[in-house]
Amino acid sequence: MSVNSAEPVRSVDVVLVKGGRTKIRYAAELLSDDGTRIAVRAPWAGDAVRDFGFVRFEAGDVFTEYYWRDRWYAVKEVRDRAGALKGWYCDITRPATLSGGELVVEDLDLDLWRSADGTDVRRLDEDEFEESGLAERDPAAAAAAVTALDELEALAIAEGGLESLLE
């Protein structure tokens, strides 16, 4: 289904799993699924404002989220209630699965932020990743996660690089 389709809106539940447990579950509108990349849109699903210091996620924010079945990350375009772009929040994850009405993604702790103007690109939660023990439990997954973070960071600092993933 594409964004311009005459088909009815289809809802999916995005299920973010961390450490074997569901971290958050929220309803999202399925925008597209080409067999490899899945795009959904949802309002901020947090219970309260999440202030990172460099960006705030709050009621009224809209996330257009892109997940891949063959990549170890998800890219989330974040806009405020008026539609102004705040930036992109990227989660390092195992490849996504969509089955029935559930889009399941396993969070691997590493994250990347890129501001709307591109002047602020930062790696996040590297300490949590180290503490997770993934490198000991599943060295191949840990290596894939670090490679994915490096790839996203390179795209985030390149002119139009991150946006090219979302076209």
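The legends below describe close-up views of a predicted model. Local features are reported at pLDDT of at least 70 and side-chain atom pairs only at pLDDT 80 or more, while totals for chains, interfaces and linings use all residues. Residues are numbered from 1 along each chain as its sequence is written, and side-chain values use heavy atoms, with hydrogens and water left out.

**View 1. Arg-25 and its salt bridges to Asp-13 and Glu-102****.** A salt bridge is a side-chain nitrogen of Lys or Arg within 4 Å of a carboxyl oxygen of Asp or Glu. Side chains of opposite charge can pair when their charged atoms come close. The search of the whole structure finds 19 salt bridges. In one of them, Asp-13 and Arg-25 meet at 3.5 Å, N to O. This pair links distant parts of the chain, with Asp-13 in strand S1 (residues 10–18) and Arg-25 in strand S2 (residues 21–33), 12 residues apart. Helices (H or I, at least four residues) and strands (E, at least two) are DSSP runs, numbered from the N terminus. Arg-25 also forms a salt bridge with Glu-102, the closest N and O atoms being 2.8 Å apart. Because Arg-25 lies in strand S2 and Glu-102 in strand S10 (residues 102–115), the pair ties together parts that are 77 residues apart in sequence. Asp-13 is partly exposed at 27% relative accessibility, as are Arg-25 at 42% and Glu-102 at 32%. Here buried means under 20% relative accessible area, exposed over 50%, and partly exposed in between (1.4 Å probe, protein chains only).

**View 2. The salt bridge between Lys-18 and Glu-128****.** The side chains of Lys-18 and Glu-128 meet at 3.2 Å, N to O. Lys-18 belongs to strand S1 and Glu-128 to helix H1 (residues 126–132), so that the pair links distant parts of the chain, 110 residues apart. Lys-18 counts as partly exposed at 26% relative accessibility, and Glu-128 is partly exposed with a relative accessible area of 32%.

**View 3. A network of salt bridges****.** The residues linked in this network are Asp-51, Arg-56, Glu-58, Asp-61 and Lys-86.

**View 4. A negative surface patch****.** Asp-127, Glu-130, Glu-131 and Glu-136 form the patch. Such patches are made of residues with over 30% relative accessible area and no salt bridge, with like charges joined within 9 Å. Helix H1 contributes the largest share, 3 residues. Glu-136 is placed in helix H2 (residues 134–137) and is exposed, with a relative accessible area of 63%.

**View 5. Strand S7 with its partners S6 and S8****.** Strand S7 (residues 73–79) is largely enclosed by the rest of the structure, because 6 of its 7 residues are buried. Two strands pair if DSSP finds at least two bridges between them. Strand S6 (residues 62–68) runs antiparallel to S7 and is joined to it by 6 bridges. Within this pairing, Thr-64 stands opposite Glu-77 in S7, and a hairpin of 4 residues joins the two strands S6 and S7. S7 also pairs in the antiparallel sense with strand S8 (residues 85–93), over 7 bridges. The bridge partner of Lys-76 in S8 is Tyr-89. The hairpin of S7 and S8 has 5 residues between the strands, and in this hairpin Gly-83 takes a positive phi near 95 degrees.

How values were computed. Patches are made of residues with over 30% relative accessible area and no salt bridge: like charges are joined within 9 Å, nonpolar side chains (Val, Leu, Ile, Met, Phe, Trp, Tyr) within 5 Å. Accessible areas come from the Shrake-Rupley method with a 1.4 Å probe; for residues, only the protein chains shown count as cover. Lys and Arg count as positive and Asp and Glu as negative; His and the chain ends are not counted. The place of a charge is taken as NZ of Lys, CZ of Arg, CG of Asp or CD of Glu.
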